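Hi,

Here is the structure I promised to send over. Have a look at it first, and then read on for what turned up when I went through it.

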Amino acid sequence: MTVVQEEDNMTADGTRAPWRIGTRGSLLALTQAGTVRDALIAAGHPAELVVVKTPGDLSSDPVQTIGVGVFTSALRDELAAGTIDIAVHSYKDLPTAPDARFTIAAIPPREDPRDALVARDGMVLGELPAGSKIGTSAPRRAAQLAALGLGLDIVPLRGNLDTRLRKVTDGELDAVVVARAGLSRIGRLDAVTEALEPVQMLPAPAQGALAVECRSDDTETIAALTRLDDAATRAAVIAERSLLAELEAGCTAPIGALAEVVESLDDDGRIVDELSLRGCAAAADGSEVLRASVVGAPAEADRLGRTLAQELLELGARELLGAPGTDDTAEARSEHSGDVPNLQRSRPGATEGRISNPSPMENNQ
């Protein structure tokens, strides 16, 4: 572990050197990291951006080919080496396994986590003719699009947001599906022809959220970043990511999850916060989608996510995803998860939590 001495953070005149915030060089990444820089500066902490090249920036291959964590490993290497003080990640790109060298000191308020359709002629998803070419970078999106049964031709897609949008305006594709949060951050919400509701397409775990990471031994930076943390966003992301981890799946797996902190009434009629979590696991070709949901206290976010994952495993998620593991490991994880009150199971299909090539009407209800 790299230990940064206090004097290394000081300038010649005795003032603190600006915090160096590592980021990828794309417009979206720079914009995201810029919000963290601006928040630190507004709080009286000098900060500057440092662009780090990652393997994902140097390859046009699909993410599932070049590897999980491809957009985050280079940033973490620089953070461990002490050449940057803070790394800003799209949280959904981080591996689920924790790294003791680092602390996610802040998860700022989340952008709208839904997926967005950008289609030619201002069309919404239901208006696209059968055979329309629709581009997406994510197996999760491809599987859920195929499950809608609209007869779309789903094609792989890489490149920054401008490149993806240009494929529609140039006529190469009829539509693309991207994260609405990214378009919002770069000021391109005007391109969205439809925000896809979770009943149609559950977003990726942690979509729309940022992870602001620093070294675990850097107490000064942790203290400054903690002020940027949003408790509701943190609870939601923990629940979604623990579901992903319990399913032993990476960020490219066809798994969707969305958690929200909502107000509810307890037995005494008092207003309390509850965490509502929905999750799905899909066959890669969209032939089957499993869905379930759970509600509980925000403080139980990790356990809620793991419990919902166990629910999906009981419905057959391991076979659907081709995930590793045995019945013995499943039992061990079940014991670790414990019992969570208010477990609710979604029944969107004729059989227990399953959808097999549902009609578009079923998914719009």
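**Where H8 meets H9**

Let's start with a helix pair. On the H8 side, the residues that meet H9 are Ala235, Ile238, Ala239, Ser242, Leu243, Ala245 and Glu246. Their partners in H9 are Ala301, Asp302, Gly305, Arg306, Leu308, Ala309, Gln310, Leu312 and Leu313. Do keep in mind that this is a predicted model.

How do the two helices sit against each other? Two packed helices are described by the angle between their axes and the distance between the axes. For H8 (residues 231-246) and H9 (residues 301-315), the axes come within 7 Å and cross at roughly 35°. The crossing of H8 past H9 is right-handed.

**One side of H5**

Next up is H5, which runs over residues 161-169. Its buried residues are Leu161, Arg164, Leu165, Lys167 and Val168. They cover an arc of only 145° around the axis, so they lie on the same side of H5. And what covers them? The cover includes helix H1 (27-42), strand S5 (115-119), strand S8 (175-179) and helix H6 (180-185).

After H5 comes Gly171, which has a positive phi, near 85°.

**Thr221 and the cysteines**

Thr221 belongs to helix H7 (residues 219-226). Is Thr221 buried or exposed? Its relative accessible area is 0%, so Thr221 counts as buried, the cut-off being under 20%. The side chain of Thr221 makes a polar contact with the side chain of Trp19, at 2.6 Å. Beyond its neighbours within four places in sequence, Thr221 is in contact with Arg16, Trp19, Asp85, Ile86 and Cys214.

In case you were wondering about disulfides, a search of the whole structure finds 0.

**The chain overall**

Stepping back, the chain has 365 residues, and 49% of them count as buried. Its secondary structure comes to 12 helices and 15 strands. Among contacts in the chain with a separation of 6 or more, 69% are between residues 24 or more positions apart.

Cheers

Technical notes
Residues numbered from 1 in each chain as written. Predicted model: local features only at pLDDT ≥ 70, side-chain atom pairs only at ≥ 80, totals over all residues. Heavy atoms only, no water. Disulfide = S-S within 2.5 Å. Helix = DSSP H or I, 4+ residues; strand = E, 2+ residues; numbered from the N terminus. Buried < 20%, exposed > 50% of the residue type's maximum accessible area, 1.4 Å probe, protein only. Polar contact = N/O pair within 3.5 Å; in protein donor to acceptor, adjacent residues only side chain to side chain. Contact = heavy atoms within 4.5 Å. Arc of directions from axis to C-beta. Axes fitted to C-alpha atoms, helices over the stretch in contact; angles between N-to-C directions. Left-handed = near helix turned anticlockwise from the far one by under 90°.
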